[in-house]
Amino acid sequence: MLRLGVGERGVSEILAVAEHTAGLCALAESLRLPVDLPDPIEPSGPYAVRPVAPAQLEGEAATAMAEIKDWARDGLGVDHVPLLWRSLAHLPRLMASTWRKERLVMSAGRLDEAAKACVAFAVASFKQSPYMTAYTTARLRRSQGLDDKAMVELAGSVMHYVSFNTISHGMLLEPAATEMRASDFVDS
Amino acid sequence: MTTLRLPTPEELEPADRKVLEDVAKRLGVTPNKMSMIWRAQSHWPQHLEANHRQMLYSFRFQGQIPTLTKEAMHAAVSMTNRCEF
């Protein structure tokens with residue numbers, strides 16, 4: 001990535017999208033969230049975490065929830081707030097701070113929004129999270145307009161990464177370089 | 001140190017060596033100059049060739065997804081998968 005010119009900030013953005021998405025995958029699985037995209041669905045069963053109604057929120061959390069609802073219309077193509085956010089809202093400050101981080105991490109920087117959406121999809125797929133794979137797929141389909149062929153191109157690439165990661169693990173390959181800096185890759 | 005030592009082309013059976021050399025040629029290098037990820041597969045060159053072909057039609061496929069995006073995805077999955085290589 002440094003060789004391709006995104007700089008240390010760009011690599012940090014990739015790491016941020018990866019850790020943020022991996023964290024959301026863990027959250028979704030911890031709460032056993034059913035996939036509510038594109039159609040709304042409520043959790044069922046005696047141990048399910050019931051979502052919070054947006055009208056119950058106040059202050060910063062209410063503002064964040066309103067932003068999520070607006071974003072979801074264009075970003076995911078739905079008129080409801082996804083369960084991920086309504087469930088998190090049991091801890092309003094956690095929901096609001098996670099949403100602020102989501103906007104920071106997924107907004108264009110050294111990498112554009114489309115690239116970051118693809119990175120999030122790749123991590124959700126790798127983590128085999130049904131909820132976050134559906135969430136990131138909806139974002140790619142809706143806000144990036146990816147068609148079937150592009151989705152298979154993404155999924156096929158993830159398949160390749162996992163294959164080669166497995167080979168490098170199995171063979172205990174060591175990295176060719178460590179403690180890399182962007183300046184190491186500037187053309188002389 | 002790798003799990004299996006990395007063989008030299010001279011150690012391989014002629015038919016296997018031919019497959020290895022063909023893939024190396026497509027990668028634009030000699031077999032000994034291939035990246036470790038490819039050399040790690042050279043005990044079974046047919047497997048190496050299958051993976052190279054699969055890579056051409058996925059990661060390296062020039063479709064709708066930009067190369068930079070695919071490289072970023074690769075880095076992200078490798079980070080998440082604790083892949084040091």
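Predicted model: local features only at pLDDT ≥ 70, side-chain atom pairs only at ≥ 80, totals over all residues.
Residues are numbered from 1 along each chain as its sequence is written, and chains are lettered from A in the order in which they are written. Local features need pLDDT of at least 70, side-chain atom pairs count only at pLDDT 80 or more, totals for interfaces use all residues, and side-chain values use heavy atoms, leaving out hydrogens and water.

**View 1. The interface of chain A and chain B.** Here 41 residues of chain A touch 38 residues of chain B, where touching means heavy atoms within 4.5 Å. About 3600 Å² is buried between the two chains, with carbon and sulfur atoms giving 71% of that. (Buried area is the accessible area, taken with a 1.4 Å probe, that two parts lose on being put together, summed over both.) On chain A's side, Glu153(A), Tyr161(A) and Met171(A) supply 19% of the area it buries against chain B, more than any other three residues.

**View 2. Helix H7 of chain A packs on helix H4 of chain B.** Look for residues 148–170 of chain A and residues 67–80 of chain B: their axes are 10 Å apart, at an angle of about 45°. The contact includes Leu154(A) and Val158(A) from H7(A), plus Met73(B) and Val77(B) from H4(B). Sort the contact residues and you get six nonpolar, five polar and two charged.

**View 3. Lys70(B) meets Glu153(A).** Their side chains form a salt bridge, 2.7 Å from N to O.

Terms used
Axes fitted to C-alpha atoms, helices over the stretch in contact; angles between N-to-C directions. Helix = DSSP H or I, 4+ residues; strand = E, 2+ residues; numbered from the N terminus. Nonpolar A, V, L, I, M, F, W, Y, C, P; charged D, E, K, R; others polar. Salt bridge = Lys/Arg side-chain N within 4 Å of Asp/Glu carboxyl O.
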